[in-house]
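This report describes a protein chain from its overall figures down to single residues. Please keep the sequence and the structure in view while reading.

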Amino acid sequence: MTDYFRKLRIIGVPFAISWFVLLVVYTLCNWLIFDKLQWLSWDKIMPKFIIPILLAAVLVYFYLRPAVKQFYVKIDRRRDFFYYVLGFALCIPTIMVQEYMEIASGRLTEINAITDIDQAPVTKYYSLKQYYLYKDAASSKLVTNVTGKRSQDFNMTLYVVQPILNQKSDTVRDATHYWFCTQFNNRISNSKSNVEKENAIREFVAASEKEFNASTPAFSYLERDARSNFLKYYGKAGHNNQLIRDGADIYLFPQNGAFADRTGKRLKWIFITIGIVSSLVMLYIYFLSLKTTIQVAAMNRKESREAAKTWQE
């Protein structure tokens, strides 16, 4: 047991510090730079996914790797696998926390009419009392792509925007810059022929148009998602619209349910995930053996010789 606590001290302490850097320091920086002050307007995939993954890789390679080298591993692949375990254990909870913080920190602004949004503070959520969805002036953008490990899925997505006006009489102006965003999705096998895909696309568009015309959108509040991964497609749908722009486009997404329940069970799953990945790391450490003092000294001498040789070259 003493040996296990020693192993935990060697790798567990730097691992806990790495977690603190990502879960606390990076989360606060992300919230401050991208959400609160909005100094950078990158696509949300960067601060929510790409940067946490890169930071986790940097911490594993430069900070945790020296500690891992103090363990004896017969096969190098097992050590490499442990690096991946540490990386996933760092980045997965961090990604989940970024998603939670973005939703939880968003403020709700109450506005009477849609045109009040230009004078209201820029927040993530809005409650709207008076509005008219100009369904007859809607426009769309069709996007198709192939996904799947073996490219087996052919996806069809129809991005639809419709003007949001204060009241029905405002339709005579034929001008707006507020857009209510919805989308329709379908998927078929990518093994179908091009003719079958074209027929499926036509059927999908016709069915989506029928559903759109028959539906009456209901929402509790609206989300202003300026860094949505799909905003460019809604922007293309808006570009296809014939109405005159009377300001910079604002894309709003319907949300249902109570505002207080917007985070759902995300916080619970964050703690569950942290518990699971911590257990995996601790279990992996249990089956590792520490190198002896002689082995560590030999390893340090070997690395010093390699570094000196590289410097001379």
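The protein chain exposes about 18800 Å², and carbon and sulfur atoms supply 58% of that area. Accessible areas come from the Shrake-Rupley method with a 1.4 Å probe, and for residues only the protein chains shown count as cover. The model is predicted: local features need pLDDT of at least 70, side-chain atom pairs count only at pLDDT 80 or more, and totals for chains, interfaces and linings use all residues. Residues are numbered from 1 along each chain as its sequence is written, and side-chain values use heavy atoms, with hydrogens and water left out.

**Overall figures**

The secondary structure comes to 7 helices and 10 strands; helices (H or I, at least four residues) and strands (E, at least two) are DSSP runs, numbered from the N terminus. Of the 313 residues of the protein chain, 40% count as buried. Buried means under 20% relative accessible area, exposed over 50%, and partly exposed in between (1.4 Å probe, protein chains only). Among contacts with a separation of 6 or more, 75% join residues 24 or more positions apart; a contact means heavy atoms within 4.5 Å.

**The nonpolar cores**

A nonpolar core is a set of buried Ala, Val, Leu, Ile, Met, Phe, Trp, Tyr and Cys residues joined through side-chain atoms within 4.5 Å. The largest one has 30 residues, and I11, F15, L86 and L90 have the most contacts inside it. Helices α1 (2-36), α2 (45-68), α3 (76-104) and α6 (266-286) each supply at least two residues of this core. Its largest share, 9 residues, comes from α3. Another core, of 14 residues, lies apart from it and includes I117, I164, Y178 and F180.

Which residues does L90 touch, not counting residues up to four places away in sequence? They are F15, S18, W19, L22, A56, L59, V60 and L64. F15 itself sits in helix α1. Leaving aside neighbours within four places in sequence, F15 is in contact with L64, L86, A89, L90 and V281. F15 and V60 are 45 residues apart in sequence, while their C-alpha atoms are 8.7 Å apart in space.

| Residue | Relative accessible area | Class |
|---|---|---|
| F15 | 7% | buried |
| T171 | 17% | buried |
| V13 | 44% | partly exposed |

T171 is found in the loop between β6 and β7. Apart from neighbours within four places in sequence, T171 has contacts with Y132, Y134 and L165.

**A patch on the surface**

V13 is in helix α1. V13, I17, F20, V21, V24, V25, L28 and Y63 form a nonpolar patch on the surface, with about 640 Å² of accessible area together. Patches are made of residues with over 30% relative accessible area and no salt bridge; like charges are joined within 9 Å, nonpolar side chains (Val, Leu, Ile, Met, Phe, Trp, Tyr) within 5 Å. A salt bridge is a side-chain nitrogen of Lys or Arg within 4 Å of a carboxyl oxygen of Asp or Glu. With 7 residues, α1 gives the most to the nonpolar patch.

In helix α5 (residues 231-239), L231, Y233, Y234, A237 and G238 are buried. These residues are on the same side of α5 because they cover an arc of only 160° around the axis; the arc is that of the directions from the helix axis to the C-beta atoms. The buried residues of α5 pack against β5 (139-147), β6 (153-165), β7 (175-189) and β9 (244-255). The face turned away from the buried side of α5 carries the exposed residues K232 and H239.
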